[in-house]
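Subject: Structure handover

Hello,

Here is the structure I promised to pass on. Please open it first, then read my notes below.

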Amino acid sequence: MSDAQPSTKAKKSPYLRIESLTKLFGSFAALKDVDLEVYEGELVCFLGPSGCGKTTLLRCIAGLDIQTSGRVIQAGKDISTLPPSARDFGIVFQSYALFPNLTVRKNLAYGLENRRMKKAAIQTRVDELLELVGLTGQDDKYPSQLSGGQQQRVALARALASWPGLLLLDEPLSALDAKVRVYLRHEVRRLQRKLGITTIMVTHDQEEALTMADRIVVMDQGVIGQVGTPLQIYREPATSFVADFIGAMNFVPGTMARVNKVRLGNLELACEADDVAAGAAVSVAFRPEDILVQGVEGKEDKAFEARVEFMEFLGSFYRADLSSVALGDNRIQAELSINLVRRMGISEGASLPVMVPRERIRVYPGSLDHD
């Protein structure tokens, strides 16, 4: 997971600023008063489920959809009402959108010819782009003669051809098979860092966002749920939606016993939630990998007995369903390393002392239903 971000961010103005952006389709609000700042050289991922507004926000930045209200400011210039042709960006779509009747070279040259560049300059630029994306020698082929990964690299090179200030990627890897997708996400990230181009990528793939982004914007129903580094989003989800959407998460209904103490069934656990009133109904969340198997004495993080109801082998670890008298009818999932399982001889039906460190417990107001 990448948690890098520009170190001078606090000292400089954002390259792209979204101010109070709202987009209505009839009576449906696809975006609701969205505010966001993106800094020069960042790769920011818009992440969320289908229909959350992430693609609409990207299209508003590109001018492909015009917002109902609010502003888009790029490099200090208000571009809110400019047509796409007057905006400074390159874009890559999921569908590649290459001209099937043109060779790779002509696809890359197309936009440069429209800018009336000289032939020699176009040839030099196309050669640079082919080398940049590793397609030197493929320039006389047609898109149908290329693999999906190669076609997407041509689309990426074409988006970069005119030296745009902003690169927009709309689910660029989702049409590719898993192995190619993993390879290309590293290639896209390498290119983005090499060029230092400010990039916004829309994705519904959590792993893609966690491995590629400097910052992730998690969206839900037209609003931003959280903005943060991948590590912040994963370790410190601001809402129960973010916690539930990113990675695997256990949710157990509970009650605040007192400051920094939460009660789950007959169990009382230490947590870090001094802003929740005693007696309040809460949803307690912790990740399967944060459940530790051990007996702990004299520690605030209390161990409790759990029974292994089911084990699923997943290569480097087992996913185990646990039940506990202390938790009543609630079951939780734990991820147990294969070495731990082997060393302790853990199997279905075994009883284990487990604990959850207080710093790994998240507490959200209200009692929530989660599958």
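Predicted model: local features only at pLDDT ≥ 70, side-chain atom pairs only at ≥ 80, totals over all residues.

Seven bridges join strand E1 (residues 16-25) to E2, and the two strands run antiparallel.

E1 and E2 belong to an open sheet of four strands. The order is E2-E1-E4-E5, and the pairing is antiparallel. Which strands stand at the edges? They are E2 (28-38) and E5 (77-78). Each has a single partner strand, so one side of each is left without a neighbour in the sheet.

Helix H1 (residues 54-62) packs on this sheet. The helix touches E1, E2 and strand E4 (69-74). Its direction makes about 115 degrees with that of E1. H1 is mostly covered, with seven of its nine residues buried. Those buried are Lys54, Thr56, Leu57, Leu58, Cys60, Ile61 and Ala62. Gly63 follows H1, and its phi is positive, near 85 degrees.

Next, look at strand E7 (residues 166-170). Is E7 largely enclosed or left open? Five of its five residues are buried, so E7 is largely enclosed by the rest of the structure. Leu166, Leu168 and Asp170 point one way from the strand. Leu167 and Leu169 point the other way. Both groups are buried.

E7 also has partners. Strand E6 (residues 90-92) pairs with E7 in the parallel sense, over three bridges. Here Ile91 stands opposite Leu168. Strand E8 (residues 198-203) runs parallel to E7 too, and five bridges join them. In that pair, Leu169 stands opposite Met201 in E8. From E7 the chain crosses through helix H5 (residues 178-195) to E8. This β-α-β crossover is right-handed.

Now the charged pairs. How many salt bridges does the structure hold? There are 20. In general, side chains of opposite charge can pair when their charged atoms come close.

The side chains of Asp214 and Arg189 meet in a salt bridge, at 2.6 Å from N to O. This pair links distant parts of the chain, 25 residues apart. Asp214 sits in the loop between helix H6 (206-212) and strand E9 (215-220), while Arg189 is in helix H5. Are the two residues buried or exposed? Asp214 has a relative accessible area of 6%, under the 20% cut-off, so Asp214 is buried. Arg189 is buried as well, with a relative accessible area of 6%.

Glu309 forms a salt bridge with Arg331, and their closest N and O atoms are 3.9 Å apart. Glu309 lies in strand E16 (residues 304-313) and Arg331 in strand E18 (residues 331-337), so the pair ties together parts that are 22 residues apart in sequence. Glu309 is partly exposed, with a relative accessible area of 25%. Arg331 is exposed, at 51%.

Arg319 and Glu335 meet through their side chains in a salt bridge of 3.7 Å, N to O. Arg319 is in strand E17 (residues 317-323) and Glu335 in strand E18, 16 residues apart. Arg319 is partly exposed, with a relative accessible area of 22%. Glu335 is partly exposed, with a relative accessible area of 22%.

Salt bridges that share partners join Arg17, Glu19, Arg71 and Asp78.

Best wishes

Definitions and conventions. Residues numbered from 1 in each chain as written. Heavy atoms only, no water. Pairing = 2+ DSSP bridges. Contact = heavy atoms within 4.5 Å. Axes fitted to C-alpha atoms, helices over the stretch in contact; angles between N-to-C directions. Buried < 20%, exposed > 50% of the residue type's maximum accessible area, 1.4 Å probe, protein only. Right-handed = clockwise from strand over helix to strand, strands pointing away. Salt bridge = Lys/Arg side-chain N within 4 Å of Asp/Glu carboxyl O.
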